[in-house]
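Please keep the sequence and the 3D view at hand while reading.

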Amino acid sequence: MSNEDKTAVNTILGVLGALVVVAFIFYFVANTVTGDIAKGAEANDRMQAKILENIRPVGEVNIGSVPADSGATKAVAAAGPRSGEQVYNGACIACHASGVAGAPKLGDKTAWAPRAAKGIDGLLKTATSGLNAMPPKGTCADCSDEELKSTIEYMLKKAGL
Ligand code: HEC
C-alpha cells in the first residue's frame, strides 16, 4: 500500500467513524426530543383539565326530566282527601250555614230528617248533580265522591242523624 492509499483509507475510516458518532448523536437527540414531546402532551392534558376547571360555570341549569313523583303530587297525596268538615267550611258553608235559597241548615234536624231518608247514596246523587238552587257538587268542583260523601255525613251528624 502506498502512502496515498493509506491516507485514503484513513480518511474513509475517519469519515465512517464520524458518521457512526453522528448517528448515535441523532439517535439520542431524537430519543430525548420525542420523550419530551410525550411528556409535554401529558402536561398539556393536565393544563387543559385545569383550564376547563377554572372556566367552569358557577351554576348549571338542571333541565333533567321532572320525576313522575314530583313534590307537588306528593304534597297532594300527603294531604289526602279533605275531611267532611274541611269541605263544608270551604264550600258548603256559604249556603248551608244560613239556609240560603232554602238550603237545609247545618244542625237543623227538622230540615235534614226528610232528606236523610234518601240515604247517604241518594243524597250523594242529588248533591253531585245539583238540586234546584243547590249547585252541582255544592260548588266544590274538585271534590271527589268520597269527599262529598264524608261532607254529607258530617252535615247529617251535625243534625244529629
Ligand atoms: C249555592 C248554595 C249552596 C251551596 C254552596 C251548597 N248547597 Fe247544598 N243545598 C242548597 C240548597 C238550596 C239545597 C236545597 C235544594 C232543594 O231541596 O231544593 C241544598 C241541599 C243539599 C242537600 C240535600 C239534597 C237532597 O237530596 O235533599 C245536600 C246533601 C247538600 N245540599 C249538600 C251540599 C254539600 C256537600 C255542599 C258543599 C260541597 C253544598 N251542599 C253546598 C244550596 C247549596
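Leaving aside residues up to four places away in sequence, Cys 92 touches Val 87, Thr 151 and Met 155, where contact means heavy atoms within 4.5 Å. The model is a predicted one, in which local features need pLDDT of at least 70 and side-chain atom pairs count only at pLDDT 80 or more, while totals for chains, interfaces and linings use all residues. Residues are numbered from 1 along each chain as its sequence is written, and side-chain values use heavy atoms, with hydrogens and water left out.

**The chain as a whole**

The protein chain has six helices and zero strands, the helices being DSSP runs of H or I with at least four residues and the strands runs of E with at least two, numbered from the N terminus. Of its 161 residues, 16% count as buried; buried means under 20% relative accessible area, exposed over 50%, and partly exposed in between, with a 1.4 Å probe and protein chains only. Among the contacts with a separation of 6 or more, 59% are between residues 24 or more positions apart.

**Helix α3 and what covers it**

Helix α3 covers residues 84-96, and although it has 13 residues, its end C-alpha atoms are only 13 Å apart, short of the 18 Å that a straight helix would reach at 1.5 Å a residue; this expected span is 1.5 Å times one less than the number of residues. At Gly 90 the helix α3 bends by about 55°, the bend being the angle between axes fitted to the seven residues ending there and the seven starting there. Its buried residues are Gly 84, Val 87, Tyr 88, Ala 91, Cys 92 and His 96, and what covers them includes α4 (109-116) and α6 (145-158).

From helix α6, Thr 151 touches Gly 84, Val 87, Tyr 88 and Cys 92, again not counting residues up to four places away in sequence. Thr 151 is itself buried, because its relative accessible area is 2%.

**Core and pocket**

Which residues have the most contacts inside the largest nonpolar core? They are Cys 92, Ile 152 and Met 155, in a core of 16 residues; such a core is a set of buried Ala, Val, Leu, Ile, Met, Phe, Trp, Tyr and Cys residues joined through side-chain atoms within 4.5 Å. Two or more residues of this core come from each of α3, α5 (119-129) and α6, and α6 gives the largest share, five residues.

The largest pocket has a volume of about 520 Å³. Of the 28 residues that line this pocket, the closest to its centre are His 96, Ala 103, Pro 104, Trp 112 and Met 134. On a 1 Å grid over the protein atoms alone, a pocket is an open set of points where a 1.4 Å probe fits, with protein on both sides within 12 Å along at least five of seven lines, and lining residues have an atom within 4 Å of a point. Grid points are joined across faces, edges and corners, and the volume is the space filled by probe spheres set on the points. With five residues, α3 gives the most to the lining.
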